[in-house]
Amino acid sequence: MKVFCTDFDLLVGIPSAEDSLMTSLYLRGDHTLLNSGKRVMITSWMSGLSYMPQLVVRIDRAGKGFEPRFAERYYRRAAWGVALADRQLVLDRLSQRMDPGVAYSFDGSLAVGDFCPIEELRSSRVTLLETEGATPLRESSDPLPLPSDDRINEVVSATAQLYLLKTGDCICFPLGDEYKTIEGGHYLFIAEGDQELLRIGIE
């Protein structure tokens, strides 16, 4: 199983155009996947954590080298996700010429909710909430923005130019323009009204 991310430029703080896939695409290991309801620890070797909400599209048909107009044949379901990163550690490791996928990845650094038809996600109004215990600290006033169908198809197709996509592979799309820091003792929720769709805690 491969996990493709498309937010490397945002991770390292380099402004980029939306279509610059070749500079923003990198691979993560499947050990980074984390189920909703779990906790992530800020360990002694970390300088801190930042987060970015994600749309995680799951490939359900093997394919390679297809055009964007055929891309929707290769996926049907997606899930809400949250990527976590120690950005300073990433920059330090990259300065030592470490592979970006290794520099970024650590166990449980990509929380993913339940997969459902992508049309259901488009019809929902989902927000991201950060809390300290029961106290809300930061809540998005607008629903999380989803990439357009054309954008998803372009990225899926472009990824398939480089890799053989297999059933179960995931492609992640950032749903923001910057990573935000989070402290230990805080929680992140993705919810639609009172319905919790994804929850992770930071220790």
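A nonpolar core is taken here as a set of buried Ala, Val, Leu, Ile, Met, Phe, Trp, Tyr and Cys residues joined through side-chain atoms within 4.5 Å, where buried means under 20% relative accessible area, exposed over 50% and partly exposed in between, with a 1.4 Å probe and protein chains only. The model is predicted, so local features need pLDDT of at least 70 and side-chain atom pairs count only at pLDDT 80 or more, while totals for chains, interfaces and linings use all residues. Residues are numbered from 1 along each chain as its sequence is written, and side-chain values use heavy atoms, with hydrogens and water left out.

The chain holds 6 helices and 14 strands, these being DSSP runs numbered from the N terminus (helices H or I, at least four residues; strands E, at least two). Of its 203 residues, 46% are buried. When contacts (heavy atoms within 4.5 Å) between residues at least 6 apart in sequence are considered, 76% of them join residues at least 24 apart.

The largest nonpolar core has 40 residues, among which Leu55, Val57, Val82, Leu84, Ile152, Val156 and Ile190 touch the most other members. At least two residues of this core come from each of several elements, including strand S5 (49-59), strand S6 (75-85), helix H6 (149-162) and strand S13 (186-192). A second, separate core of 17 residues includes Val3, Cys5, Val56 and Tyr179.

With a salt bridge defined as a side-chain nitrogen of Lys or Arg within 4 Å of a carboxyl oxygen of Asp or Glu, the count comes to 6. One of them joins aspartate 169 to lysine 2, at 3.0 Å from N to O; because aspartate 169 lies in the loop between H6 and S11 and lysine 2 in the segment before strand S1 (3-5), this pair ties together parts that are 167 residues apart in sequence. Aspartate 169 is buried, at 1% relative accessibility.

Another salt bridge, 2.9 Å from N to O, is formed by the side chains of arginine 39 and glutamate 203. It links strand S4 (residues 39-40), which holds arginine 39, with the segment after S14, where glutamate 203 lies 164 residues away. Glutamate 203 is partly exposed, with a relative accessible area of 40%.
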